[in-house]
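Hi everyone, thanks for making the time.

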Amino acid sequence: MALALICANAGAQPYPNKPVRLVVPFTPGGSTDIVARLITQKLHEFWGQQFVIDNRPGAGGAIGAETVARAAPDGYTIMLTNPGPGLHNVVLRKKPTYAFDDFAPIAYVGYTPNIIVANPRLPAGNLKELIAYARANPGKINWASPGTGSNPHIALELLKLATGIDVVHVPFKGAAQAFTDLVAGQVDAQYSSFISTEAHVKSGRLKVLGVSGTKRLTALPEVMTFTEQGVNGAESTLWMGFVTAAKTPRALIAKLNGGVNRALQLPDVRSRLEQLGVEIEGGPPEKFGAFIQSEAKRLRPLVMAGTLQIE
């Protein structure tokens, strides 16, 4: 009887009662990794449990996403996802290794417009000049991405569709390696977010050619949007949100959702995200799930037309 009582009390311990693994399906130092560490530090402070960052890069985020899709549905393995693992690897691959139904949404963190960054030696000061240079020099611009199927890669494909430019896609194994070669001049340009490029841009090691959004970034008020430069149909954003394995108990998802939303309301978190150009969303799990489905619906016509696909 005493043993049964001890077991019952153990089972009634509040969540989380041990460290939580947070899978970031990219290398350290990228946009998703930076935001993951910012928010999970607050969750640690709220609940007194460690949130251990597990960087699992590769295949446009698919390796990390597969880890979460196959994890036990107990709330102790979660992921901060973005369009690469959360959307593109499902919708754009001929043979996806997981499906939307393998995940349960937790919370929508927010989004930020993609920007185009370039090595200062590239003879273009903005997107309009870049397009003109690319058209005059087809196949001569080497365009980096953190991997095939990643958000920056798909953003590039949308730009190529909208403008007809011919550039060479150079996929890397992660954002850090891509930025290293971009700063060194081994490649010429890349899509990214200001979150990842803040230090490089402020130091002058990289220049920003355009903002793919509806308005200029507060942190980069001098950089024109794509629309201001006469480019339409190439809009793309980096969105982020937390998910976990499907069939995770609703009570655990609600606890995590409440923690994330609480963190997003903290003045220091809001200030830092706003400095990085992130539009904060938050809200219930259903909001994030519905958003992902709407993004999938937006991409499917391009897939059906054969204009976007990952081999």
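Let me start with how the elements are named: helices are DSSP runs of H or I with at least four residues, strands are runs of E with at least two, and both are numbered from the N terminus. This is a predicted model, so to speak, with local features needing pLDDT of at least 70 and side-chain atom pairs counting only at pLDDT 80 or more, while totals for chains, interfaces and linings use all residues. Residues are numbered from 1 along each chain as its sequence is written, and side-chain values use heavy atoms, with hydrogens and water left out.

Backbone first. Most residues other than glycine have a negative phi, and most peptide bonds are trans. Here we have a cis peptide bond between Y15 and P16, with omega at about -5°. P16 sits in the loop between α1 (2-11) and β1 (20-24). Then there is A59, a residue other than glycine whose phi is positive, near 55°. You'll find A59 in the loop that runs between β2 (51-55) and α3 (62-69).

Now to helix packing. Two packed helices are described by the angle between their axes and the distance between the axes. The axes are lines fitted to C-alpha atoms, for helices over the stretch in contact, and the angles run from 0 to 180 degrees between N-to-C directions. Angles under 35 degrees count as roughly parallel, over 145 as roughly antiparallel, 65 to 115 as roughly perpendicular, and the rest as oblique.

What is the angle between helix α2 and helix α9? For α2 (residues 31-47) and α9 (residues 250-264) it is about 115°, with the axes 9 Å apart. The two are therefore roughly perpendicular to each other. Which residues make the contact? With contact meaning heavy atoms within 4.5 Å, α2 brings I39, K42, L43, F46 and W47, and α9 brings K255, L256, G259, V260, R262, A263 and L264. For residue classes, Ala, Val, Leu, Ile, Met, Phe, Trp, Tyr, Cys and Pro count as nonpolar, Asp, Glu, Lys and Arg as charged, and the others, Gly among them, as polar. This contact of α2 with α9 has 8 nonpolar, 1 polar and 3 charged residues.

α2 also packs on helix α10 (residues 267-275), where the axes come within 11 Å and cross at roughly 175°. That makes α2 roughly antiparallel to α10. On the α2 side the contact uses V35, L38 and K42, and on the α10 side D268, V269, R272 and L273. In classes, that is 4 nonpolar, no polar and 3 charged.

On a 1 Å grid over the protein atoms alone, a cavity is a set of points where a 1.4 Å probe fits but cannot get out; a pocket is an open set with protein on both sides within 12 Å along at least five of seven lines; and lining residues have an atom within 4 Å of a point. Grid points are joined across faces, edges and corners, and a volume is the space filled by probe spheres set on the points.

How many cavities of 30 Å³ or more are there? The count is 2. The largest holds about 210 Å³, and of its 19 lining residues S31, P146, P152, A175 and S196 are the closest to its centre. β7 gives the largest share of that lining, 3 residues. The lining of the largest cavity has 7 nonpolar, 12 polar and no charged residues.

The second largest cavity is about 100 Å³. It has 13 lining residues, with H88, N151, S236, T237 and R298 nearest its centre. α6 gives the most to this lining, 4 residues.

Last, the pockets. The largest pocket has a volume of about 390 Å³, and its lining of 21 residues has Y111, P113, T214, K215 and E279 nearest the centre. That lining splits into 7 nonpolar, 7 polar and 7 charged residues. The second largest pocket has about 220 Å³ of space. It is lined by 15 residues, and F100, F103, P105, I292 and Q293 are the closest to its centre. Its lining divides into 10 nonpolar, 4 polar and 1 charged.
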